[in-house]
Amino acid sequence: MQHLTMNIRTTFLQFTRAMSTALALAAGFACAGAAPAAFAAPNVVATTADLGAIAHAVCGTDATVSILARPGEDPHFVDARPSFLRVLNKADLLIEGGADLEEGWLPPLVNNARNAKIHPGASGRFAAAAEARIALRDVPVTLDRSMGDVHAHGNPHFLLSPANAALVARALAARMALLDPANADAFRARAARFAADIETRVPGWKTRLSSLRGANVITYHRSFDYMLDVFGMRLAGTIEPKPGIEPSGTHIVALIEQARNSGTKLILVEPSRPSRLCERVAHGTGAPLARIPLMPDPPNVPDAYIRFFESIVTSMEKALPPSRQ
Ligand SMILES: [Zn+2]
């Protein structure tokens with residue numbers, strides 16, 4: 001395990017060095033100083049597709065929304081592309097999940113983007129977890145990254161709860177109202193509509209998955225904990241031993257044994273996780289494997305978040321044996 005941890009740290013250091021080089025190469029991009037545009041809609045940049053979907057819902061045509069991470073990327077380990085710097089340089093508002101979600105890749109980008117507006121604490125920075133006062137799960141009593149745990153400040157995948165998405169939409173509307181007072185009412189009205197849409201849908205989603213209430217499930221990463229709460233499911237184990245740590249063979253054998261003993265009903269993994277390993281766990285436990293999206297894809301269409309959650313529910317329904325539906 002010590003070797004494994006060392007390997008992960010080495011890989012992370014290599015990744016950080018590679019990213020610094022890429023940023024240095026990109027430092028010559030054209031930026032501020034170009035002719036200032038006439039008043040234009042604010043440039044809003046979201047780190048991930050779920051935040052981007054909420055930003056689209058709240059901003060409508062009153063802002064330009066860009067999203068950094070691709071929907072299929074692990075939000076903890078996003079490939080920093082040089083184009084990010086151009087986007088961040090022009091941003092009026094940078095929306096991040098916060099709670100350390102982007103800790104591994106966002107800070108060096110912001111430091112190199114030559115845009116003081118989006119620095120932490122500035123008026124153009126919106127950390128969703130804090131702004132929406134999200135009650136984070138699994139906040140540790142003491143900070144411990146000794147094993148490379150990427151959830152050192154609590155579980156940052158809170159947008160897998162539709163209620164949390166609604167809280168973020170309302171908080172974002174309040175910030176947009178400060179940024180662009182002329183459209184304040186429109187931002188607030190769209191956020192209210194987004195929250196109402198979600199509130200209307202949740203009971204139906206719960207009914208469709210009622211056979212999973214109280215069921216034990218296994219996930220790869222602790223990505224879906226908030227969603228499991230919504231449907232009354234219980235996390236019986238994870239394929240990775242700690243958030244961000246690759247599993248050993250010993251861990252997998254123990255997990256399968258534990259899952260058999262606890263009567264696990266479903267294995268939930270993001271599409272990007274290694275197929276063979278996930279199938280081995282599913283085969284070993286005898287539970288069906290459901291690949292469910294972690295992010296809205298595409299995120300820039302009307303109702304992207306609703307469609308996203310709808311697809312999560314559908315994926316789980318399809319994975320269940322007919323007798324359980
Ligand atoms: Zn995570």
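Let's start with Val-110, which lies in helix H4 (residues 106-111); helices here are DSSP runs of H or I with at least four residues, numbered from the N terminus. Before going on, please keep in mind that this is a predicted model, where local features need pLDDT of at least 70, side-chain atom pairs count only at pLDDT 80 or more, and totals for chains, interfaces and linings use all residues. Residues are numbered from 1 along each chain as its sequence is written.

So, is Val-110 buried or exposed? Val-110 counts as buried because it has 22 C-beta neighbours inside 10 Å. The cut-offs are these: 20 or more other C-beta atoms within 10 Å means buried, 12 or fewer means exposed, and in between is partly exposed, with C-beta atoms placed from the backbone. Leaving out residues up to four places away in sequence, Val-110 touches Leu-88, Ile-118 and His-119; contact means C-beta atoms within 7 Å.

Now for helix H2, residues 49-59. How many residues of H2 are buried? It's 11 of the 11, so H2 is largely enclosed by the rest of the structure. Just after H2, Gly-60 takes a positive phi of about 55°.

What does H2 pack against? Two packed helices are described by the angle between their axes and the distance between the axes. Axes are lines fitted to C-alpha atoms, for helices over the stretch in contact, and angles run from 0 to 180 degrees between N-to-C directions. With helix H7 (residues 184-208), the angle is about 125° and the axes are 7 Å apart. That makes H2 oblique to H7; under 35 degrees would be roughly parallel, over 145 roughly antiparallel, 65 to 115 roughly perpendicular, and the rest is oblique. Here Ala-57, Val-58 and Cys-59 of H2 meet Phe-187, Arg-190, Ala-191 and Phe-194 of H7.

Next comes helix H11 (residues 304-319), which packs with H2 at about 140°, axes 8 Å apart. H2 and H11 are therefore oblique to each other. On the H2 side we find Ala-53, Ile-54, His-56 and Ala-57, meeting Ala-304, Tyr-305 and Phe-308 in H11.

Finally, the core. The largest nonpolar core has 88 residues, and Ile-54, Val-58, Ile-95, Ala-169 and Leu-172 have the most contacts inside it. Such a core is a set of buried Ala, Val, Leu, Ile, Met, Phe, Trp, Tyr and Cys residues joined through C-beta atoms within 7 Å. Its largest share, 9 residues, comes from helix H6 (residues 162-179).

Definitions and conventions: Helix = DSSP H or I, 4+ residues; strand = E, 2+ residues; numbered from the N terminus. Contact = placed C-beta atoms within 7 Å.
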